[in-house]
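Let's walk through this model together, one chain and one contact at a time. Keep the structure open beside you as you read.

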Amino acid sequence: MNPLLAVENLSVSFAGQQAVDAVSFQLAAGECLALVGESGSGKSVTARSLMGLSGGTVSATKLMVCHEDALALSEPAWQKIRGNSVVMILQDALMALDPLRPVGREIEDVLKEHSSLNKSQRTAKVREILAAVELPEPERRMKQRSTQLSGGMRQRVLIAQALIGDPQIVIADEATTALDSRLAALVLEQLAALKNEGRAVLMISHDLAQVAQLADRIAVMRAGQIVETGPTEQILNHPQHEYTRTLLRAIPSGVPRFAPLSAGTPVNEPRQLAPASTDSAPALVVENLSKSFAKHPAVVEAGFVLPRGATLGLVGESGSGKTTTARLVLGLERPDTGSVTLLGDRFAPHSEAARRGLRENIGAIYQNPLGSFDPRYSVGQILTDALSAGRSKRATGYKDQVGRLLEQVELDPVLSTRNPRELSGGQRQRLAIARALAPEPKVLVLDEPVSALDVSIQATVLDLLDRLQQETGTSYLFISHDLSVIEHMSDFVAVMHRGRIVEQGPTAQVFGDPQHEYTRILMTAMPRLR
Amino acid sequence: MSRTAKILSSLFILFWVLTAFAPSLIAPADPLAINPSQAFQAPSSAHIFGTDESGRDVFTRVIHGAGDSLYIGLAATALGMGLALVLGTAAALAPRWLDEVILRVLEALYSVPSLLMALLIIAFTGPGVGPAIVAVGLSTAPGYARLVRSQIRTLKNSEMLEAATVLGRGTWLKVRNHLVPNALQPLLALVTLGIGQAVIWAAALSFLGLGTPPPAPEWGAMLSAGRTYLHLAWWLSFFPGLAIVVVAAGSTLIGRALGGKVKAV
Amino acid sequence: MKLLAWLGRKVGGALVVLWLVATAIFIGVRLIPGDPAEAIMGGPGSQASAEALANARSEYGLDLPIISQYFLFLAKLIRLDFGTSYSFKDPVLQIMGEVLPPTINLALLALVVAWLLALLFALLAMRANKFGRLLGNAVEIVAAAVPHFWLGAVLIMLFSSMLGWLPAVANGTPAGLVLPVLTLALPLAGFLTQLMRDSLNTAMGSQFALAARARGESRLTVFRRHGLRHAALPALGLTGWAFSSLLSGAVVVEAIFARPGLGRSLLSAVLARDIPMVTGIALFSALVYIVVMALTEAIERLIDPAGAES
């Protein structure tokens with residue numbers, strides 16, 4: 001059978017910069033191909049050039065889209081194909097819908113471009129398709145704007161928008177990225193349905209574990225090239241290329257605690273949790289913590305204990321109250337009820353002045369560290385400031401200590417004169433870790449520390465956190481929406497849902513034998529390779 | 001800012017400082033010297049900006065007028081910004097209720113258009129250079145104050161200050177090390193943007209006969225005097241106005257290069 | 001119900017603002033050194049007759065304690081009694097009725113023209129090449145830096161003195177309106193264009209614009225359906241400020257083009273230090289600002305209900 005997509009030696013460049021380099025693949029009806037790679041690998045540019053939207057200079061020996069020679073298509077001819085025979089589902093549903101227009105109108109635009117239906121027919125069809133993707137109350141929702149919908153509703157709207165044109169090819173560009181596992185599962189389910197209807201599905205993703213459930217074949221991309229391609233089974237079990245192996249190794253789920261995720265990291269002895277000495281208090285005790293914002297409860301009666309030297313993973317979907325919990329623990333919000341005890345000392349509620357003396361024992365790492373650095377400071381100055389207790393960013397006598405900190409987080413000392421803006425995401429997070437370590441804290445609160453990073457970078461940062469914990473015995477409160485990261489990093493797990501901790505216990509127990517209904521739903525939605 | 005932009009901005013500022021403090025270096029003639037036989041000369045090599053109804057050299061007058069015009073603009077901006085800093089910072093750091101009160105007062109002040117407010121103030125004080133400064137300064141203050149407030153608000157709630165809190169920094173250290181230095185740069189941009197606008201407003205008052213009285217070579221006053229002869233001698237109005245446009249556009253460009261927002265006041 | 005609550009909040013806020021403006025004026029008048037009666041009647045230079053001064057004293061209760069004077073002043077304002085303009089010899093309210101409409105007309109017309117020009121420029125900038133964008137940028141900045149009183153003079157020189165196309169004074173004909181409106185609109189258009197271009201660029205480079213293109217829309221359709229709204233929103237938020245700057249400009253423009261209106265009356269009232277008249281104009285322009293703000297907020301809520309809530 002003739003493939004719907006036939007690509008040979010596709011290259012795309014931007015102002016002389018090669019973004020995609022001689023990429024070839026084919027895709028037939030009823031088949032799913034996944035292009036997997038990290039940021040900058042050229043996978044999204046590849047996908048966009050299949051719709052004539054790359055914005056760069058495209059060349060290929062062959063580029064057939066729905067049996068048309070895409071290299072020869074005029075702009076009006078492209079416009080007939082886009083949204084009709086070929087559709088694209090974009091990464092972030094919130095960003096992919098115009099916040100100023102009702103979602104129904106956004107979907108209707110497809111019909112305006114590609115059909116001769118009149119207004120009432122179009123509206124009827126939009127209602128029909130929204131009902132088909134199981135959007136609750138389609139009549140009401142279609143008149144609302146994307147900002148008024150929940151994440152799940154928005155995803156359904158995006159899928160409805162793709163389906164209404166009855167496309168032959170569906171391109172899903174990171175359509176599951178940054179989604180909570182339940183939402184990601186929903187999208188995967190919908191994509192599977194599309195494939196079973198006989199449409200061709202091209203998945204673009206950085207996540208091997210996620211695409212593995214759906215893809216028939218996987219092409220691994222790096223630096224604009226496809227380094228390896230083959231059936232999913234073969235790629236996962238018998239990877240040929242070193243880079244594919246790196247990506248596979250970086251997936252944390254099912255990897256034992258302290259086993260390295262990146263190739264550069266030496267294998268650590270799996271460590272036994274040191275038996276808590278009876279005289280020392282736990283690192284962190286949180287009791288009956290509640291906080292509401294404008295009568296809207298964010299955290300309800302949360303309680304947990306973080307033993308010394310251990311990691312407690314706090315997992316939940318976005319909006320479940322994880323970040324508020326972190327802020328309460330850090331003394332950045334005043335709790336309505338309950339208390340936080342740090343190393344046996346009362347930490348919250350307390351006056352900031354009384355708390356300040358205890359602050360050196362607790363540090364914090366955020367998802368996007370850049371905003372937490374003073375933009376006027378260089379890397380060295382940030383660390384000097386942290387080491388000198390804020391006396392001066394230019395204080396002398398800290399050079400050796402700054403060097404040691406950089407070494408500790410595996411950052412090149414030459415970076416110390418740079419501004420954090422010039423660093424990569426992974427380097428910034430290492431800098432944030434170095435700064436947090438400066439006062440030698442006993443507890444680190446890590447709020448989604450690796451969620452903004454590529455998988456291979458995530459692996460190196462997680463390995464670094466493991467190593468630091470083994471060297472310093474620091475306790476981690478590790479917050480993430482990513483179950484596989486939590487499973488790999490945690491000794492204990494607490495599951496949050498709508499502000500409440502619905503289940504907690506040792507990691508193996510919670511993951512192996514979940515008791516609460518919500519935990520079970522989360523576990524089934526979690527993609528697993530091992 | 002790029003290197004070229006820095007050099008150009010410095011040259012621009014240097015030129016106007018020189019013009020304001022030592023106009024005779026550029027235009028050695030007397031700006032008030034009358035020479036009726038030379039009245040209404042069109043621009044030529046002898047009088048590159050032409051001469052006015054009394055035969056005074058317009059170029060000399062424009063250069064000598066820079067001092068007065070820029071002085072009023074700068075003084076007014078300083079007054080407006082000083083007031084705005086106090087009000088804006090107070091509102092940003094104050095408890096909610098006080099913030100609300102200050103905001104209401106600012107809104108009330110803001111609701112009267114700037115020039116109308118300036119005129120209102122002059123209605124109480126009578127015309128003159130001093131009143132013009134007070135009028136322009138007070139009428140621009142509410143706009144600045146709102147910007148200062150939001151600027152400091154944003155900084156106060158920034159992750160940067162939160163990170164400093166987590167590191168155990170006290171209020172004084174946070175203000176000294178992070179809040180003040182980071183607030184200064186945007187304020188500098190704001191001031192730069194504001195000077196151009198203040199020069200325009202001040203000239204407008206003189207133009208309306210409420211600022212610097214003639215025959216002093218102030219740009220607005222010169223424009224006002226030239227208006228009578230608009231059909232006869234366009235250069236009387238054109239060149240003083242051009243000087244205002246150059247100063248205002250230059251200050252806008254520099255202010256934007258410093259990171260100022262499009263609409264400052 | 002939501003709408004009623006919103007209206008209530010607006011009216012309440014407006015009253016507070018008007019009260020504050022009135023209070024500021026009251027304090028201002030009392031700060032003038034010398035006899036307040038004389039100040040109200042035009043200052044020492046006006047040489048008001050003893051009879052007129054006595055009238056003012058009794059009308060404003062100047063022999064009463066200051067707090068009573070304040071409440072008397074407010075009570076008169078509430079009854080819309082702004083007093084009599086001594087320089088115009090007519091009740092202030094009546095004069096306002098005559099001078100407000102031409103100024104509001106002028107400002108509204110200039111606002112519309114400025115918006116149209118800004119949209120046109122923004123659209124041109126989107127399609128322009130690098131050189132075109134640079135040129136556009138320069139034009140915007142210069143436009144925003146041009147003072148009304150000079151622009152008016154230049155336009156008169158060009159179109160009236162040199163070309164003879166348009167009249168230099170407002171003579172009540174549509175042709176007489178062209179130059180005043182342009183004088184007011186051009187600087188504002190410069191500001192608005194800078195603002196719109198920033199937000200237009202953001203919108204056209206966004207994910208939802210890409211999604212719209214992936215739906216099969218042409219660039220122009222994306223501009224029409226998405227770009228315009230996003231470009232207009234921040235500029236719309238500034239309409240209150242824009243209108244108020246137009247009222248400021250109107251003072252100058254009315255002087256240049258010899259147009260009757262609020263600005264000219266204010267100017268002569270200020271020159272004569274006619275406090276009742278000045279008070280009336282200040283309160284009315286504040287009221288105009290408040291009404292314009294409420295209207296734009298209403299439009300913003302239509303375009304972006306979610307954004308307006310926050």
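Chain B has 10 helices and zero strands, where helices (H or I, at least four residues) and strands (E, at least two) are DSSP runs, numbered from the N terminus. Read from the N terminus, its elements run α-α-α-α-α-α-α-α-α-α. The C-alpha trace of chain B spans about 75 × 45 × 25 Å along its principal axes.

A word on what you are looking at: this is a predicted model, in which local features need pLDDT of at least 70 and side-chain atom pairs count only at pLDDT 80 or more, while totals for chains, interfaces and linings use all residues. Residues are numbered from 1 along each chain as its sequence is written, and chains are lettered from A and ligands numbered from 1 in the order in which they are written.

Within chain B, turn next to a pair of helices. Helix H8 (residues 171-207) of chain B packs against helix H9 (residues 219-227) of chain B at an angle of about 40 degrees, with their axes 7 Å apart; the axes are lines fitted to C-alpha atoms over the stretch in contact, and angles run from 0 to 180 degrees between N-to-C directions. That makes H8(B) oblique to H9(B), because angles under 35 degrees count as roughly parallel, over 145 as roughly antiparallel, 65 to 115 as roughly perpendicular and the rest as oblique. On the H8(B) side, the contact includes Ala202(B), Leu205(B) and Phe207(B), and on the H9(B) side, Trp219(B) and Leu223(B) are among the residues involved. Two residues are in contact if their C-beta atoms, placed from the backbone, lie within 7 Å. By class, this contact of H8(B) with H9(B) has eight nonpolar, three polar and no charged residues; Ala, Val, Leu, Ile, Met, Phe, Trp, Tyr, Cys and Pro count as nonpolar, Asp, Glu, Lys and Arg as charged, and the others, Gly among them, as polar.

Toward chain C, 38 residues of chain B are in contact with 46 residues of chain C. H10(B) provides the largest share of the chain B side, nine residues. That side divides into 26 nonpolar, eight polar and four charged residues.

Toward chain A, the contact takes 16 residues from chain B and 15 residues from chain A. Here H7(B) gives the most to the chain B side, with six residues. The chain B residues touching chain A divide into six nonpolar, seven polar and three charged.
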